[in-house]
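Welcome, and thank you for opening the viewer. Let us walk through this structure one selection at a time.

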Amino acid sequence: MEKRALFVNPPSYEGFDGGAGSRYQAKREVLSFWYPTWLAQTSALCKGSRLIDTPPQEMSPDDTVRAGKDFDLVVIYTSTPGYKNDARLAEHFKAVYPEIMVGMVGPHCTVLPEESLLQCKALDFVTRGEFDYTILDIVRGKPLSEVEGISYLKNGKVIHNRDRSLIEDMDALPSVLDVYKRDLSIEKYFIGYLLHPYISVYTGRGCPGQCTFCLWPQTIAGHRYRTRSVKNVIDEMARAKEMFPEVKEFFFDDDTFTANLKRVEEISKGLGALGITWSCSSRANVPEKTLAVMRKNGLRCIMVGIESGDDTILKNVKKGITTAQAMKFIKTCRKLGIVTHATFCLGLPGETKETIHKTIEFAKRLDPDTLQVSIASPYPGTEFYREAKEKGWLKKDSLVSESGIQQVAIEYDDLSGEEIFNAVEVFYNKFYLRPRPILRIVKTMIKDKETCKRRLREAKEFFSFMYKRKTNDRCA
Ligand code: SF4
């Protein structure tokens, strides 16, 4: 008989945006949750399963464990920042239901299977790599010794089974929409720059980009962009429109949705025919011709990784994009009426006080509609982590504070952790406290009452987050 599986995006920290899909797992400046798409994907494969996404549901560890009552298998998604608390949750599950099987999935246990197992006695297994069919094998009762892509303990010894190959037939994976509908409350999912309510899905996995700091392509998804067919994507979106008429925007959360230009243009035309509003992730290297096709067919907003305003840093991290390309890209988007959300990262190799200043000035000239500033986090399994260890930049293991807020784990000869930490707030202030962004925000507020209320709430959250960060969570 098949096992009944409970998939858990755990309450690692209160308000933690840690589900697969979030690039830097942490509590954000404003309430922000990505969909737990990877878990939903596996749940869609396993009959009789259930998915609980505890942070947006505001579920405590006790609530979460109570939800395990009718299940034979608990699958916890974990991250490097959340592992310690997630391990405690696994132990809690095992203490309440000694018969239940408990496993962990995600990049952290892919990279550190041995440590993950040895540090948490409650775990029956951890998966390495893509875990969809791995978990399906376990649900179907395959003995652990025969399941590819797992590590487990036998007589106190860690056994690593053979690796599992990457999934090639992406169309064979079932749609996540039915799981979203069954198990999630979509009104609980917010991303500051997306319309509300939104839904995000993947149309492919993997990214050809080589960015040394980027977690998913280096640990789970790989550097080959494996995609669903255009028809499969359009059919799913047609269903999504029917199933979720209240959704204002669909977001394609692939690592780099625009990695294959021909495919993007074809998908855009299909989406245009459906008449939906959509947004996506992108690198800053898409030509105007393709952006125009995307815009004409319903693209509203693009999320683009800019990272730094210093070309040496961009080279150091193998971004494969220059500041000149970034400038041209944002200008083209503006010309076509595409809203831009740019992500920056402070503390990457080569960062100094001068490059931070240069990046802030660059961001002001670039002037995307909105931006986000993260702290460079060396995740185990990335080239950045290995480099940081080798060169002695790594000063701390922890990537977040006790409350889940991003912390600085590195330090350079000329730049302390505290300087990187403080620069985040300076960046936000220097960018947002200017007439142009303020006017842009006010304009969106006067458009409709709902947006006005949302922006006011976000402003309150932002300032209280910054205050808390400065007082309780400041870099030690
Ligand atoms: S382009 Fe984006 S998703 Fe791809 S490796 Fe670089 S940061 Fe990661």
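Select Val-75. Beyond its neighbours within four places in sequence, Val-75 is in contact with Ala-5, Phe-7, Val-8, Gly-103, Val-105 and Ile-135. Keep in mind throughout that you are looking at a predicted model.

**Stop three: the whole protein.** Now zoom out. Show the cartoon and you can trace 19 helices and 17 strands. With 476 residues, the protein has a radius of gyration of 22 Å, close to the 23 Å of the globule rule, so it is as compact as a globular protein of that length. The C-alpha trace spans about 60 × 55 × 40 Å along its principal axes. Buried residues account for 48% of the 476. Of the contacts between residues at least 6 apart in sequence, 71% join residues at least 24 apart.

How many residues from each domain take part in the contact? Domain 1 brings 25 residues and domain 2 brings 26.

Stay on the side of domain 1 that touches domain 2. Select strand E3 (26-27) and helix H5 (107-111), the elements that give two or more residues to this side. The largest share, 3 residues, comes from H5. Sorted by class, this side of domain 1 has 12 nonpolar, 8 polar and 5 charged residues.

**Stop five: Leu-31.** Move to Leu-31, in the loop between E3 and helix H1 (37-45). Is Leu-31 buried or exposed? Leu-31 has 20 other C-beta atoms within 10 Å, so Leu-31 is buried. Leaving aside neighbours within four places in sequence, Leu-31 is in contact with Gly-15, Phe-190 and Glu-461. Try the distance tool too: Leu-31 and Pro-56 are 25 residues apart in sequence, with their C-alpha atoms 9.2 Å apart in space.

**Stop six: Lys-188.** Next, select Lys-188, in the loop between helix H8 (177-183) and strand E10 (198-201). Lys-188 is partly exposed, because 14 other C-beta atoms lie within 10 Å. Pro-56 comes up again here: Lys-188 is in contact with Phe-33, Pro-56 and Gln-57, setting aside neighbours within four places in sequence. From Lys-188 to Tyr-198 there are 10 residues along the sequence and 9.7 Å in space, C-alpha to C-alpha.

**Last stop: the ligand.** Finally, centre the view on the ligand. Which residues surround the ligand? Select Cys-207, Gly-209, Cys-211, Cys-214, Pro-217, Asp-255, Thr-256, Arg-283 and Gly-305 to see them. By class, this shell consists of 4 nonpolar, 3 polar and 2 charged residues.

Conventions
Residues are numbered from 1 along each chain as its sequence is written. This is a predicted model: local features need pLDDT of at least 70, side-chain atom pairs count only at pLDDT 80 or more; totals for chains, interfaces and linings use all residues. Helices (H or I, at least four residues) and strands (E, at least two) are DSSP runs, numbered from the N terminus. The radius of gyration is taken over C-alpha atoms; the globule rule is 2.2 Å times the number of residues to the power 0.38. A residue is buried if 20 or more other C-beta atoms lie within 10 Å of its own, exposed if 12 or fewer, and partly exposed in between; C-beta atoms are placed from the backbone. Two residues are in contact if their C-beta atoms, placed from the backbone, lie within 7 Å. A residue is near a molecule or strand if its C-beta atom, placed from the backbone, lies within 6 Å of it. Ala, Val, Leu, Ile, Met, Phe, Trp, Tyr, Cys and Pro count as nonpolar, Asp, Glu, Lys and Arg as charged, and the others, Gly among them, as polar.
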